[in-house]
Amino acid sequence: MSDRHDIPLTAAQRRAAEAVQSLSRPEADTDFRARLKADFASGAVAAAKPAAFATRPRPRFGFALWVPLTAAAALAAVMVFGGRLPGPEALGSHIAGTVLVDGRAVAAGDSLRLDELLRPGAEVVLSEGAELDILYPGSFVMRLASGTTITLPDRPRRWFGGDLDAVMPEGEISIRTGPDLAGRMLAVSTPEGRARIYGTLVSIFRNDELTCVCLYEGTAVMDDLEQELGPVPAGKRWVLFADGRDAELLDIAPPHLEHMEGLDRERCDCFGGAHKEQTP
Amino acid sequence: MQDPSGSSRRPPPDLSRETLLAVRRRDPEALAALFEHSFDRLYGLAQRMLGDRAAAEDVMQETYLRMHRAAATIDVERDPLPWLKSITANLCRDHRRSFAAKVASRSEDVDDPAGRGGNLAGVGPDPEEHTLTAAREARVQAAVDALPEQLREVVILKDYEGLDHVAIAGIVGTSHAAVRKRYSRALEQLGEALKDVWP
C-alpha cells in the first residue's frame, strides 16, 4: 500500500516485508468460532469475566522512569494510606447449602472455615438454598442470596476515603452501610451497569435478563455501561435490561423489599442501630 | 492494503448503516453479521501477533466481550473494523506482557514443539506445495516472533494488516516517526533472520 510516510527500503528489507505480506490468514477452530459467534449474538459473552491479562493496567513509561515513580508512589502510599479497616468476616447462616470461596467448598453454616477463606477479592459462589451474611466491621454488612456469585470488595482504607468495588455477575445481595463508609463509595458492578452506594440500605439483583437496584433509604447512584442514569430514589428501583432496552425506574418489588428488611432486622446490631420498618 | 494469500482469506461481508444501528440495539442478527464481518480478520491479526492459537482465542473472547459492551456506542457512519483491529492489537500487547503468557512461553506443548498452534498455513490441493508453504510460513512466523515486541507489532500491523504509519502510531501510542524507525529496524532484523529463506 502507499503511505506518505513510507520509507525507502533496501532489497533485504523489501524481501522481509514481502515475506510478512505473504503470510496466510490462519483459520480459527470451527467449534470455537461457532461458539463465540453464538455467545456474541445472544449476549452470553457479556456475562463473562474480563480475562486476567486484560485487567491489569498497561505500563506507560519506560523502565528508567517508572522505577523511581513507583518507588515514590509506594512511599507516599505507605505514608498516607498506612492502614485498612477490617473485613470481610462471615456471620454464618441458618440455612443448609454450600458456599464456594475461590473454588473451595464450605458448608454455609461453617462460619469459622468461611472466615479463614474469605478475603478481599475472593470469588464467593452460593449454591441453591445457601444464604450468607458478610460483615466488613464498621463499614457495611451484605446478605448474599442463594445462587449468587460475587467478587468481594477490598477492605476500606483507614484514612482519606478510597472507593471499593464488588462485581456480581448473577444473584442478589442486600447491603446495609455503617458509619465507617462515610466519605467512601462502594460500587457493585453487574454486566448491565454499576450501583454506586454512599450510605444506604440497598439491594442489587441480577439474572440473565436484567439488573435491578432497589433503594430502601439513603443514597445510591446508578450507571449503565455508558453513562450515569442518576440517583435511585428511596422506595424505587432502577431496572437495566440485558437486551439494551432503555432502563426503567419502578417501585420496589416485594421480594427485594423483604430481602433488605430481613438483613436490616437481623443485622441492625452490627452498627448499633435499630431496624425501622418502611412503607415504600 | 495488502491481501495476504491463503486458502481461508475472503473479503469480509459489508455492513450497512441499518445493520450497525441494529448492532447498537444489540439485535442478535446484526451482532452475528458484525461477527462475520470482523472475526476472520481479527483472529488472523491476533494469531500472527501472538503466534499461538490458545492465546489468540483468549484475545478474541475478550475483544468480542468489549465489543458487546460498547455496542451501544458504535459509530454507524464508519466501518468498525479499524476500531476493532485497534482493540485486538492492544489486547495482544496486554496478553504478551501478562504473567500467563510468560508462563506459557516457558512450557511449550510437547505435541507442538514450536508452540505455535500449527495449521497456520491452510492445506492446499498440492500436498508437496503445502508442505513447502507451511515450512516457509513457520520460518517467517518464528522470525517475527523472535522480534522485540515493539518491532513485531509494528511490522505485523504494517505489512500483514496493511495499516499506515499514522494509524499504527495511534494504536501503539507513539509518534509516526517512531513507528517508521521501528518498522525499518524490524525489517532489517527480519531480513537478516530470513536471508537463507529469501537469499
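Is A:Phe32 buried or exposed? Select A:Phe32 to begin: at 4% relative accessibility this residue counts as buried, where buried means under 20% relative accessible area, exposed over 50% and partly exposed in between, with a 1.4 Å probe and protein chains only.

The model is predicted, so local features need pLDDT of at least 70 and side-chain atom pairs count only at pLDDT 80 or more, while totals for chains, interfaces and linings use all residues. Residues are numbered from 1 along each chain as its sequence is written, chains are lettered from A in the order in which they are written, and side-chain values use heavy atoms, with hydrogens and water left out.

Rings of Phe, Tyr and Trp (its six-membered ring) pair if their centres lie within 6.5 Å, with planes under 30 degrees apart counted as stacked, over 60 as edge-to-face and the rest as tilted. By this rule there are eight aromatic pairs over all chains. In one of them, the rings of A:Phe32 and B:Phe39 have centres 6.4 Å apart and planes at 50°, so the pair is tilted.

Now select B:Tyr43, buried with a relative accessible area of 1%. The ring centres of B:Phe39 and B:Tyr43 are 5.7 Å apart and the planes lie at 15°, so this pair is stacked.
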